Amino acid sequence: MRVGAASLAAVVLALASAATPVAAEPVAVVSTGVDLVSVALDGDTMSLRFRDEQAVGRDPAEVVLGPDGGLAGRVPAGPAFAFLGKPGHAVWALFAGDTGFPALDTTGVRPGVVVDDRVTLTLGSVEGPGTFTAYTLAGLGAATPLFGNGADLPRSTQLPAGSRTDGVVWAFDAAGEYRFTLTGSAALRSGATVRAEATYRVHVPAIEPAEPAVPAPMKQAAQPRAEAAEAFAAPKPAAVPKPAAAPKPAAAPQAAAVPQAAKAAAGARQVIADGHVDMGPNLSGDSWTIRIKDDRTSPPVWRETADVVLHAKDKAKITVPAGADFLGKTGDTVWVLPQTQQAGLVWPGWNTQHASVVSGIKGNVTWTLKGVNGPGRFALFLTGSFGKADVLFDSTKPFPQKLDIPLNTHTHGNWAFGKPGLYRLAVQMSGTTTAGKAATDTKTLTIAVGDSTDPNAGFGPGSGSNGGGNGDDGSDQGGGGPLPRTGAGWVLTAGALGVVLVAVGALLLLLVRRRSATQTG
């Protein structure tokens with residue numbers, strides 16, 4: 001009887017053990033293009049998730065961030081990054097690239113639902129060998145701390161509802177395993193408070209900053225690269241798992257790797273001074289056209305470049321820091337539309353994510369800057385985790401200047417302008433269709449810089465074109481208005497005009513002499 005009872009107990013224990021689910025091991029992930037924190041509100045229930053670049057949400061406890069995909073560097077000199085420690089102190093950032101930065105997402109909380117349209121994110125307990133700091137890049141060589149467990153760091157930050165806070169960096173100053181909790185909370189209009197908590201794990205490898213050796217972010221032709229400002233230099237490892245040379249697709253604000261087909265707008269002129277826009281190609285049959293994707297509406301709208309003027313207001317003004325020679329002299333005032341989104345400023349990017357392009361093009365899309373027409377210098381550059389600048393385009397360098405952009409890529413950079421006024425950028429995008437045909441289009445992108453500049457003056461001749469094309473010879477199709485003055489096209493046009501004027505003058509002189517001879521005869 002005792003044997004039977006023992007056997008029965010063993011069976012029961014075995015069944016109970018089999019019925020108990022075995023916890024799955026956390027999956028190691030990299031942070032390119034992810035939402036590290038994605039807060040959503042369903043009625044009076046809040047959730048806090050990790051969302052990857054394919055918009056798949058997970059419990060943060062199911063993943064381990066690192067050790068791949070990170071960047072070892074040293075704290076730059078100057079006050080901008082002093083919250084990370086003393087200059088030269090070794091730190092490791094969760095993200096190694098300068099495009100596809102991770103973000104904090106509150107698009108799942110509709111504006112108007114919570115008090116002040118704010119969600120509070122609070123750092124709880126932190127277990128690990130060193131200091132954890134979360135911050136956002138706030139412009140060239142500048143950063144804003146969000147929260148951390150350091151002595152002088154805040155423990156919480158407030159995020160606007162219905163938005164994404166881009167350019168987020170998580171930094172650690174000692175190798176090892178970290179485990180910490182984050183809590184999202186908000187006050188409902190009803191007076192109730194909702195909250196959700198999640199646990200994160202990060203594996204930080206040995207922090208061994210390499211000597212400065214920074215590759216070009218993308219392939220460029222006939223363009224010397226401006227050297228990065230030494231004050232912002234963050235040494236990169238000899239081998240970076242996610243090199244900037246081929247940036248991975250960043251999660252778009254709609255968090256879709258291949259966005260839904262957006263409708264095309266017809267002829268409605270738009271001055272865009274705030275919100276998210278991208279420039280990118282569309283392919284329809286044999287027609288290849290550069291358009292502007294306007295993400296201020298849902299679904300987004302693809303607009304003709306001739307119908308759009310971007311307005312960089314005075315809120316974009318910064319003072320050129322020491323060492324940033326590619327922007328001008330130290331202390332000069334410039335206007336910079338930043339790589340990370342800021343309220344009150346238009347946030348322009350570029351993408352090759354249109355479904356027709358992803359399915360209809362093979363290989364990279366080449367973006368060529370053919371020239372710039374404007375009152376001052378123009379530069380487009382990327383900012384890395386420690387504020388380092390990688391210059392993509394510079395109007396003081398010879399044209400054309402080129403970037404190779406992988407398919408299904410969504411990128412933002414810093415657009416810098418040296419003086420207020422109207423700028424017209426002659427931009428060309430080209431690729432090869434899956435059928436082997438060359439596709440190319442040239443358009444004019446117009447930006448009004450400064451509060452004193454009337455953006456409506458940017459519409460009209462030279463503001464863009466309504467053509468598109470596909471040519472085996474790679475020639476421009478559809479035109480882009482007159483080429484900018486600093487481009488080769490302007491020199492050729494001016495030379496041709498001079499020849500015509502000389503010929504007309506000679507003809508008039510000949511006619512006058514003949515008439516005079518006739519009268520005297």
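1. Contacts of Thr-330. In this predicted model, and leaving aside residues up to four places away in sequence, Thr-330 touches Val-320, Pro-321, Ala-322 and Gly-323. Thr-330 itself is found in the loop that runs between strand 23 (317-319) and strand 24 (333-337).

2. Exposure of Thr-330. Is Thr-330 buried or exposed? Its relative accessibility is 52%, and because the cut-off for exposed is over 50%, Thr-330 counts as exposed.

3. The largest pocket. The space in the largest pocket comes to about 500 Å³. The lining consists of 22 residues, of which Pro-160, Thr-165, Gln-341, Gln-342 and Ala-343 are the closest to the centre of the pocket. By residue class, the lining divides into eleven polar, seven nonpolar and four charged residues.

4. Where the lining comes from. Which strands each supply at least two residues of the lining of the largest pocket? They are strand 10 (132-139), strand 11 (142-148), strand 12 (156-160) and strand 13 (164-165), and strand 12 gives the most, with four residues. Aromatic pairs. The structure holds 21 aromatic pairs. One of them is formed by Phe-132 and Trp-170, which are arranged edge-to-face, with 5.4 Å from centre to centre and 75 degrees between the planes. This pair links distant parts of the chain, since Phe-132 belongs to strand 10 and Trp-170 to strand 14 (residues 168-172), 38 residues apart. Phe-132 and Trp-170 are both buried.

5. The aromatic cluster. Phe-132 and Trp-170 also belong to one aromatic cluster, whose other members are Trp-92, Phe-147, Phe-172, Tyr-178, Phe-180 and Tyr-200.

6. The protein as a whole. The protein has 33 strands and three helices, and buried residues make up 50% of its 521 residues. Among the contacts between residues at least 6 apart in sequence, 73% join residues that are at least 24 apart.

How values were computed
Residues numbered from 1 in each chain as written. Predicted model: local features only at pLDDT ≥ 70, side-chain atom pairs only at ≥ 80, totals over all residues. Heavy atoms only, no water. Buried < 20%, exposed > 50% of the residue type's maximum accessible area, 1.4 Å probe, protein only. Contact = heavy atoms within 4.5 Å. 1 Å grid on protein atoms, 1.4 Å probe; cavity = no way out; pocket = protein on both sides within 12 Å on 5 of 7 lines; lining within 4 Å. Points joined across faces, edges and corners; volume = space filled by probe spheres on them. Nonpolar A, V, L, I, M, F, W, Y, C, P; charged D, E, K, R; others polar. Phe/Tyr/Trp six-rings, centres within 6.5 Å; stacked < 30°, edge-to-face > 60°.
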